[in-house]
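Let's take a walk through this protein together. Keep the sequence and the 3D view side by side as you read.

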Amino acid sequence: MKKGNWKRVELLIFISVMSLGLSGCGIGRIGKIIKNAAAREEVSEQAESSEQEEVSVQAGSPETTESSEQAGSSVTEEASEQASGNEDAELKEILAKEANSTEDEIRYFIMDDFDGDGENEAFAIIGSEPEYDFDEKGLVSGSVWFVNSNGAKMLQEGMGMGIKCESIMLGFDGIKYPVFYDVYATGAASYVYEVKGKEVSETPFSGCGTVQEQTEDDRFEIVDSSYDAEYDPEIEGLLGHTWKSYYFYYDRDTKSIKEYGGAEITQKKAEEIAGKDIVSESVTSEYELGTIYYRENGIININFSKTDDNGAILYYHRNWNNEKGCYVDDYNGESDELQSGTYRSELCPVIAEYPKDI
């Protein structure tokens, strides 16, 4: 019983005692009064408690509301997963029929809304496992396919040792570009695709080299695999495998992917940009200076060469990263060592953008 209610009972008892006196009959009546008052108070409390519970149920307590919301969310997620699973199965069925294969031959499958139009598409790798497999993500001797509600078509037949069962995803402004690797013994060619509505196509930089993971600032690199470390006069050709990174970015103004193309600059201009004579530091008297390229991401490539007594020409370069304020290797890691091979002004001329006012 609440403290305030007991006070009312005590007051009632006091008044009764004063009115009836302390006779036996009075005491008996007082007992009845106390008993009746306590009973009325208990009934009152039960009614009050019932009203509070009713209001709580009508208003909906936080626990009840949260439980209801969780149940609704669970049902929504389950329905969404079921719908996604049905669509996944439908696209796999279309793919198997168009590719004249079984679903067991679908070694890799990724479904998503790649162009952000509200409709899902899928990419897949179909084929068999090769006898050799030195890649932790697994290789498939087969081909890359695209499938949507209209049908399926093959995009790329593997030409190397196998297609890697993994795709990295470049993503800008809600548009996703899946990247597939055709693996060779000393590298991998990347095939990159873009979806627009019902159509799919290769990007301009697809097949140019090995696409690296995208960084947080909408940039990524493509590693070019070349044989340009040395000119051999006996065969009148180039030898020596090199790997050099070229630099790409997403242009938010044009909503397209561009390359940081290199503008040819002078030694004096390179010194002005870097704040020191990086050309003289790199090209001593035993070397012959070649071209110098500056890119708007702050990279300066200094190409130079050296001819030996047999007439062989050895090609080198050094890279200065003006954003980091140091020399870097061909993977943009800090390094003072000479790098082999020769940088070109661009890897993909059709999308290259060059520095202006240099």
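Tyr108, Phe114, Phe123, Phe146, Phe180 and Tyr193 come together as one aromatic cluster. Rings of Phe, Tyr and Trp (its six-membered ring) pair if their centres lie within 6.5 Å; planes under 30 degrees apart count as stacked, over 60 as edge-to-face and the rest as tilted. The structure holds 18 aromatic pairs.

You are looking at a predicted model, in which local features need pLDDT of at least 70 and side-chain atom pairs count only at pLDDT 80 or more, while totals for chains, interfaces and linings use all residues. Residues are numbered from 1 along each chain as its sequence is written, and side-chain values use heavy atoms, with hydrogens and water left out.

Rings also meet charges here. The charged end of Lys92 sits over the ring of Phe109, 5.1 Å from its centre, and that of Arg318 sits over the ring of Tyr327, 3.7 Å from its centre. A charge counts as over a ring if NZ of Lys or CZ of Arg is within 6 Å of the ring centre and within 35 degrees of the ring normal.

Now for the overall plan. The protein chain comes to five helices and 19 strands; helices (H or I, at least four residues) and strands (E, at least two) are DSSP runs, numbered from the N terminus. Of its 358 residues, 41% are buried, where buried means under 20% relative accessible area, exposed over 50% and partly exposed in between (1.4 Å probe, protein chains only).

Where do the nonpolar residues gather? The largest nonpolar core has 26 residues, and those with the most contacts inside it are Leu170, Phe205, Val211, Phe220 and Phe248. Strands that each supply at least two residues of this core include S5 (162-172), S6 (175-184) and S7 (187-196). S11 gives the most to the core, with five residues. Such a core is a set of buried Ala, Val, Leu, Ile, Met, Phe, Trp, Tyr and Cys residues joined through side-chain atoms within 4.5 Å. Leaving aside neighbours within four places in sequence, Phe205 is in contact (heavy atoms within 4.5 Å) with Leu170, Val192, Phe220, Ile222, Phe248, Ile257, Cys348 and Ile351.

Two strands pair if DSSP finds at least two bridges between them. Seven bridges join S3 to the antiparallel strand S2 (residues 121-128), with Ala122 opposite Val147 in S3. S3 also pairs in the antiparallel sense with S4 (residues 151-157), over six bridges; a hairpin joins S3 to S4 through two residues, and Ser143 stands opposite Glu157 in S4. With S5, S3 pairs in the antiparallel sense over two bridges, and Val140 stands opposite Ile163 in S5.

Within S3 you will find Ser141. Is Ser141 buried or partly exposed? Ser141 counts as partly exposed because its relative accessibility is 34%. Not counting residues up to four places away in sequence, Ser141 touches Ile126, Gly127, Ser128, Pro130 and Met161.

Finally, a word on confidence. The chain averages a pLDDT (the predictor's confidence in each residue, from 0 to 100) of 83, and 76% of the residues score at least 70. Over residues 1-45, pLDDT stays under 50. Residues 47-59 also stay under 50. Where pLDDT is low, the predicted coordinates should not be read in detail.
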